[in-house]
Amino acid sequence: MSFKTVGTVLTRTLWARGNRTPPLARSPRVNRLSTSRAVLAGSVHVEKNKGQSCSSDTDGPSGGDVLSSSEQPHKCGSGEKKRLKETAGVPGASGVRRRSFTSNAAPMDQTSFLWSRYNDLKRLVYDLIPPGSCKSLNSSVIYANNEVSLEEVDIYGFDYDYTLAQYSNVLNSLIYDTAKGFLIEHFKYPEEIAKYEYIPNFTVRGLHYDIQKGLLMKIDAFHYIEPGTVYRGLSPVSDEEVLYLYGGTFHVPLSQDSGFYGKGPKVKQFMDIFSIPEMTLLAVANDFFITNDIEYDPVHLFKDVSEAIGMVHLKGYMYKWIMQDLDKFILRKEETDAVLHRLVSQGKKLFLITNSPFSFVDKGMTHMVGKNWRDFFDVVIVQADKPHFFTDCIKPFRRLDNNGDLRWERINSLDKGQIYKQGNLFDFLRLTGWRGSKVLYFGDHLYSDLADLMLRHGWRTAAIVPELEHETKIVSAHRYAVTLTWLQALTGLMERLQTHRDPASKKVFLEWQKEREELRVMTKNLFNPQFGSIFRTCHNPTYFSRRLSRFSDIYMASLSCLLNYDPSYTFYPRRTPLQHEAPLWMDQLCTGCMKTPHLEDMASIR
């Protein structure tokens, strides 16, 4: 069964049948819930301007259409007409008997009523999502935050690391081990730290680190810490302790949060893919001091680990490893070659702006594209010192000769086939005239690569997010789809029935709330046991996700995704509903379905 079929069935069932699904009984008394409760307006048709239904749809236990002995049946006024006859089981058709307002059955108690509604909804969710219905997501897709027409783009710009060149995860363990060695040898940290091996997948990109408290955490788009994602060292911190440390709230004030470039006074956000081994080393070092009951200052530790990681780059270790074994570290070289060939064949202009040195870039590009790789690019700029390249207008461009040595002449033009160092974007715009939406720049770092270009200069921006490959596999899994849909359905049920506040109902709601929390943890753990998805904190977007939508027009898992689209393709952002709008997506149906009069649009939604 396809999502189209699922959507149609779920829509008609929820809208037409309303609350009339036969319950899955938890006790004999549950079975007394009538299956002929009144449905929403539109399910039972009445003659226009001549008559009205005498029933009412209340979210409370009534034994279906059964009234207690103390209640009087509601009677139509003298001016009201008989309602149209209906065929049994088909709303709006004729032939059914009028509803009876008297019965000898006992009224249903609150607990049975709530659990019957729970079982009705759960059966609906699990029955209507067949295996295989969610395998439509593809990691090779380009996702749009903003409308972008490739036909209007004449100039393509690229970062190098993790954009043109994709690296294997082996690099992370080497960076970690080398920086750990610097901590011990250069900063004189205890040698016992060397026993801590690198932990793959312990952290995810986009996390925040409280420098003064030594806590690694995930924060949502509203500056709230996601419960269950705070770690001190390698151990989770309880939600109660987090509340105590932050003054009774999970909120991190803007004044303390990471600044525009992710470097706040007290909290830093790790946005770079290279930062994953740094976060792991911070967690390991904190864990060593805590488990051995050694007093230390978390601020000093953060500074030392940052410098140790920086030494790996500044001393050229990373460049040396990659250049010594290009096949081991560089991935998808054929795809990068194909993208560049295709763009050049379409008459597009290309340029490269990277912080990496020329010798390193030259070695990698020769490996991926060939010795004549410079012929593809109209401008090549190395050691650009981003993000300052985009904001400062102080450093001038300098040309490198064929040996990589600096030349001394003034730069009056940026010529094809030449290599330039440093410089600034203001001179770049003046010398090239490349401005506005005809330029599309690709990079992996939302702050250093994309933010200023988007906000200050109006360039189109494309984010490379390798994590999409892993996350789309999870999202496409049947287990995730069923769990998330039931989580949304249960949340909607709790929202709809929360007016029941008697002791019996409160006891049921405690059980539902416990299950809801378990479902949240389950969905989080599918992505990463410690921190979950880089895009979601339960129902809210992450801080990373909000920045991704703010600073990138489009985003994709790798540059090779461009090969799936023709040169005149237009990317249209999906119109996702705002909170006050009608929900259209599969995982939102059960939350707001009773408010939605037109859900047939599900037929065109995957």
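Predicted model: local features only at pLDDT ≥ 70, side-chain atom pairs only at ≥ 80, totals over all residues.
Which residues of α12 are buried? Helix α12 spans residues 425-432, and its buried members are L425, F428 and L429. These residues lie on the same side of α12, because they cover an arc of only 95° around the axis.

Helix α2 (residues 110-127) and helix α16 (residues 503-527) have axes that come within 8 Å and cross at roughly 30°. Angles under 35 degrees count as roughly parallel, and α2 and α16 are therefore roughly parallel to each other. Their crossing is right-handed. On the α2 side, the contact is made by Q110, T111, L114, W115, Y118 and K122, while α16 brings A504, S505, V508, F509, E511, W512 and E515. Sorted by class, this contact between α2 and α16 has seven nonpolar residues, along with three polar and three charged ones.

Finally, let's step back to the whole protein chain. Its secondary structure comes to 18 helices and 20 strands. Of its 606 residues, 50% count as buried. How do contacts in the chain relate to sequence separation? Among those between residues at least 6 apart in sequence, 74% join residues at least 24 apart.

Methods:
Residues numbered from 1 in each chain as written. Heavy atoms only, no water. Axes fitted to C-alpha atoms, helices over the stretch in contact; angles between N-to-C directions. Helix = DSSP H or I, 4+ residues; strand = E, 2+ residues; numbered from the N terminus. Parallel < 35°, antiparallel > 145°, perpendicular 65-115°, else oblique. Left-handed = near helix turned anticlockwise from the far one by under 90°. Contact = heavy atoms within 4.5 Å. Nonpolar A, V, L, I, M, F, W, Y, C, P; charged D, E, K, R; others polar. Buried < 20%, exposed > 50% of the residue type's maximum accessible area, 1.4 Å probe, protein only. Arc of directions from axis to C-beta.
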